[in-house]
Amino acid sequence: MSNDAPETGAFFARDREWHPKPLTPGYKTSVLRSPQKALLSFDNTISEITGPTFGHSMLGELDNDLIHNFARNGESAIGERIVVHGRLLDERGRGVAGALLEFWQANAGGRYRHKRDGYLAPLDPNFGGCGRTVTDERGFYAFRTVRPGPYPWPNGPNEWRPAHIHFSVFGHGFAQRLITQMYFEGDPLIARCPIVRTINDPAAICQLTAALDMNATVPMDALAYKFDIVLRGRRSTLFENRLEGN
Amino acid sequence: MAQPLDYLKESPSQTAGPYVHIGCLPNFCGIAGVYPADLGHSMVNARTRGERITLSGRIIDGTGTPLRDAMVEIWQADAAGLYNSPSETRGTADPDFTGWGRQAADPETGLWRFETIRPGPVPFPDGRLQAPHISVWIVARGINLGLNTRIYFPENEAANAADPVLSRIEHKNRVPTLIARRDGAAYSHDIHLQGDAETVFLDI
Ligand SMILES: [Fe+3]
């Protein structure tokens, strides 16, 4: 990975005040699915420091193009065409190279291609809703898609998710594993959403809100949004006596 | 005032939601033709070294109902106790064992199942051995931040008793929540999100 020696440091402790708490009654499903007892804390062992990695070689040509990866030949998904790009960093600000990102989303009408989604908005026959990519040597990534529509969901009598893209992120250690969501700058539904509001700190919500990036647009083709993602950093091992076999 | 430390904050987690399969297991949920196979579906091949085992279980909510929309990932050492990872510096793991698996809970029964091998023991940072274990990560609708836990093997009584992580559990009656049940080469393990039998989850 990049220019560094193998990464064997333990990860920075997770800031569990910054992340949503397990029990967030405004998001009703959390009530019966949130552990209530204290977590067991211990310093990372090799089981947490290591993790699976995925090479660029496993990627198909259209994996990072949701406009076309499910579309019939010569056709494309309906919707506002966008590029989503950014950088995967760790908490020390270093790019995370060779990391797998997977993303999924509703179509432009707010409908998922999933048996459980009964929203009356139509499926787009040319849109599957999944994509993936691997970050480059400096942690950069990009993909093309259509802007997903907001959709209603049965948490309350009239609740709507803001437009969002789900992200699943691998770093290099199993303890870095993260799933999150990207929101779009200016969407008035962000502040109203019970899932967004599982996060307490407004600055943390900003961190999940991608900005319109006119510099990265493709003129006459696609708008662009910039979304950086940060994974846990690794502690320095400079002054540690590393035991053999550790 | 002092100089700012200038560390970034980890991106906050958001729930995987009910449609996590679209992104992580598209073939499983009927989105065919985008990827040749779902990642993590197969951990072993015909050449993988070690004893074959299966590991299955359910994730149970606060009413006793299995989650039917969860996704489970596991990570483990190979038969010799080496991880298939660039961060593994003690040797080279079996190239025919990925060490990583990903499965969905069954949409009807909530049951998930992995075909894998028995892992070897790996060291704790102080050099002691940890008992053989499988690391587990769970996401689902209603889970705001992925849950980490471990699964240990019931027949390794002495190793489990000496395990540095299990030893940290203050209430010893909770240790069995991390130990699978065995039926030959088939292990089963239910994970309880709440209640008296709540599984020990890890802050790692
Ligand atoms: Fe969604």
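Are A:Tyr112 and A:His166 buried or exposed? Both residues are buried (under 20% relative accessible area; exposed means over 50% and partly exposed in between, with a 1.4 Å probe and protein chains only). The model is a predicted one, in which local features need pLDDT of at least 70, side-chain atom pairs count only at pLDDT 80 or more, and totals for chains, interfaces and linings use all residues. Residues are numbered from 1 along each chain as its sequence is written, chains are lettered from A and ligands numbered from 1 in the order in which they are written, and side-chain values use heavy atoms, with hydrogens and water left out.

The two residues belong to the iron site. Protein donors of the iron ion are A:Tyr112 (OH), A:Tyr151 (OH), A:His164 (NE2) and A:His166 (NE2). They lie 1.9 to 2.2 Å from the ion. Donors are N, O and S atoms within 2.8 Å of the metal (3.2 Å for Na, K and Ca); water is not among the atoms, so sites may look incomplete. Angles among the four donor atoms run from 89 to 163°, and the site is irregular. Four donors count as tetrahedral if all angles lie between 85 and 135 degrees; four count as square planar and six as octahedral if opposite donors are over 155 degrees apart and all others between 65 and 115; anything else is irregular. The donor residues follow the spacing Y-x38-Y-x12-H-x1-H in sequence. A:Tyr112 and A:His166 link distant parts of the chain, 54 residues apart. A:Tyr112 lies in the loop between strand E3 (100-104) and strand E4 (130-134) of chain A, and A:His166 in strand E8 (residues 164-169) of chain A. Helices (H or I, at least four residues) and strands (E, at least two) are DSSP runs, numbered from the N terminus.

An unreviewed UniProt entry lists "domain: Intradiol ring-cleavage dioxygenases" at residues 84-112 of chain A. UniProt places the feature of that name, also from an unreviewed entry, at residues 55-83 of chain B. Positions are in the numbering used here, feature names are shortened, and annotations may be inferred rather than shown by experiment. The chain A span is 0% helix and 41% strand, with its end C-alpha atoms 19 Å apart. The chain B span is 0% helix and 34% strand, and its end C-alpha atoms are 19 Å apart.

The rings of B:Phe153 and B:Tyr187 have centres 5.1 Å apart and planes at 90°, so the pair is edge-to-face. B:Phe153 lies in the loop between strand E7 (147-152) and helix H2 (157-162) of chain B, and B:Tyr187 in strand E9 (residues 186-188) of chain B, so the pair ties together parts 34 residues apart in sequence. Both B:Phe153 and B:Tyr187 are buried. In chain A, ring pairs link A:Phe103, A:Tyr141, A:Phe143, A:Phe167 and A:Phe227 into a cluster.

Charges also sit over rings (NZ of Lys or CZ of Arg within 6 Å of the ring centre and within 35 degrees of the ring normal). The charged end of A:Arg132 lies over the ring of B:Tyr35, 3.7 Å from its centre. That of A:Arg147 lies over the ring of A:Phe184, 4.5 Å from its centre.

B:Asp203 lies in strand E11 (residues 202-203) of chain B and A:Arg16 in the segment before strand E1 (40-41) of chain A, so the pair joins two chains. B:Asp203 is partly exposed at 21% relative accessibility, and A:Arg16 is partly exposed at 25%. A:Arg177 and B:Glu73 also meet in a salt bridge (2.7 Å, N to O). This pair crosses between chains, from the loop between E8 and strand E9 (178-184) of chain A to strand E3 (residues 71-75) of chain B. A:Arg177 is buried at 3% relative accessibility, and B:Glu73 is buried at 0%.

Notes
Rings of Phe, Tyr and Trp (its six-membered ring) pair if their centres lie within 6.5 Å; planes under 30 degrees apart count as stacked, over 60 as edge-to-face and the rest as tilted. A salt bridge is a side-chain nitrogen of Lys or Arg within 4 Å of a carboxyl oxygen of Asp or Glu.
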